[in-house]
Amino acid sequence: MLIFVVLLMMYLVSIGGNMSIVLTIWTNRCLHTPMYFFLANLASLEIFYSSTIAPLTLASVLSAERTVVSLAGCGAQMFFFIFLGSADCILLAVMAYDRFVAICHPLRYTLIMSWHLCIQLALGSLLLGFILAMQLTVLIFRLPFCSSKEISLFYCDVLPVMRLACADTHVHEATLFVVSVIVLTIPFLLITLSYVFIVDAILKIRSAEGRRKAFSTCSSHLTVVLLQYGCTSLIYLCPSSSYSPERGQVVSVVYTFITPMLNPLIYSMRNRELKDALKKAVMRFLLLDKQ
C-alpha cells in the first residue's frame, strides 16, 4: 500500500506539473516562442509517456495476485513506451539546437528558428520515434514465446520480454542496440556539441549578468538531459547479457516515474519567465475561486 501511494503521488505530480506547463505556455502570448513551444511539446510527451506505464503499474502493485496482461496489450504498451521515449530524447536534442542558435546566433535567431522549422522539428521527432518503435515492436513480437510468461519488470520493456523468447535473439539484440544508438548516443553527442559552442559563446560575454542570464536559459535543459540520458543509457547501451532484473527495476522507476515528475519542477524553478507565468496563473485561479 505504501509503494502504491508513493507511485500514485509521483504520477499525479507528474501529470499535474506537465499539464500546468502546457496550459501556462498555451495561455500566455509572451511565452509563444520556439523555446517554450518545444518545452510544451516535451511536457505533452511526458504526460502520455507516464500514462503508458503508471496505470498498469499501480494496478499490479495494488493487486494481491499477479497482474495478467494480454499479448496485444503488452505489445501496445511496449510500442508507446519506445515511441514516446524515443521522441522525448530526440526532442531534447532539438531543444539543445534551439539554445545553440539563440546564444551563438542571436541576431539571426528569429530567421533561423521560424515557426515552419519548429513544427517540422517537432513532427520529425515524433515520426522518427514512431518508425523506430513500430519496427522494434513488430520484430520482437514475431518471436515465439514458449517458456515462462512472467515478465521480470512492472511493464512490458524490451529486454524482459525478449528474455521470454525460446529462439535466437541475436538479431533482435543488435536491432535494439542500433535503435538505442539512434535515440540515445547520436542525440546526446549533438547535445554535447551544441553545449560546447554554447559555453564558448557564454564565456565571451563580458558582463557577469549577461553570462548568468544566458546560462540560466540552458541549465534546466541540461539537468533534464543528464537525468534522462543517464538512466536510459544504463539499461539500453549496456550489453544485454549484463542486464540485471533487479537493477532494471530500480533504474526503470527513475526514468518512468521520478524523471517525468522532476522535469516540470526543474523547468519551473530554474526558468524565471515560466515561474512568473505560473505564479500569475495560480493567482488568477485563486482570485476566480474566491469570487
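Which residues lie nearest the centre of the largest pocket? They are T67, V69, E150, I151 and L153, among the 29 residues that line the largest pocket.

## Basis

This is a predicted model: local features need pLDDT of at least 70, side-chain atom pairs count only at pLDDT 80 or more, and totals for chains, interfaces and linings use all residues. Residues are numbered from 1 along each chain as its sequence is written, and side-chain values use heavy atoms, with hydrogens and water left out.

## Pocket and cavities

The largest pocket has a volume of about 840 Å³. Elements giving two or more residues to its lining are α1, α2 (34-62), α3 (71-104) and α9 (245-270). Helix α2 supplies the largest share, four residues. Helices here are DSSP runs (H or I, at least four residues), numbered from the N terminus. A pocket is an open set of points on a 1 Å grid over the protein atoms alone, with protein on both sides within 12 Å along at least five of seven lines; lining residues have an atom within 4 Å of a point.

A cavity is a set of such grid points where a 1.4 Å probe fits but cannot get out. Grid points are joined across faces, edges and corners, and a volume is the space filled by probe spheres set on the points. The count comes to four cavities of 30 Å³ or more. The largest cavity has a volume of about 220 Å³. Its lining holds 18 residues, with F81, I82, S86, V183 and Y236 nearest the centre. Helices α3, α7 and α8 (208-236) each supply at least two residues of that lining.

## Helix α5

S125 sits in helix α5. S125 is buried, at 2% relative accessibility; buried means under 20% relative accessible area, exposed over 50%, and partly exposed in between (1.4 Å probe, protein chains only). Leaving aside neighbours within four places in sequence, S125 is in contact (heavy atoms within 4.5 Å) with A87, I90 and L91.

L126 also lies in helix α5 (residues 115-140). L126 is partly exposed, with a relative accessible area of 29%. With neighbours within four places in sequence set aside, L126 contacts L45, F83 and A87. The C-alpha atoms of L126 and V179 are separated by 15 Å, and these residues are 53 apart along the chain.

## A buried loop residue

T169 belongs to the loop between α6 (158-162) and α7 (170-203). T169 is buried, at 13% relative accessibility. Not counting residues up to four places away in sequence, T169 touches L143 and M162.

## Salt bridges

The model has two salt bridges, each defined by a side-chain nitrogen of Lys or Arg within 4 Å of a carboxyl oxygen of Asp or Glu. R99 pairs with D98, with the closest N and O atoms 3.0 Å apart. R99 is buried at 8% relative accessible area, and D98 is buried at 1%.

K204 pairs with D200, with the closest N and O atoms 3.4 Å apart. K204 is exposed at 63%, while D200 is partly exposed at 38%.

## Nonpolar surface patch

M1, V5, M9, L12 and L62 form a nonpolar patch on the surface, with about 520 Å² of accessible area together. Helix α1 (residues 2-27) gives the most, three residues. M1 lies in the segment before α1 and is exposed, at 67% relative accessible area.

Patch residues have over 30% relative accessible area and no salt bridge; nonpolar side chains (Val, Leu, Ile, Met, Phe, Trp, Tyr) are joined within 5 Å, like charges within 9 Å. Accessible areas come from the Shrake-Rupley method with a 1.4 Å probe; for residues, only the protein chains shown count as cover.
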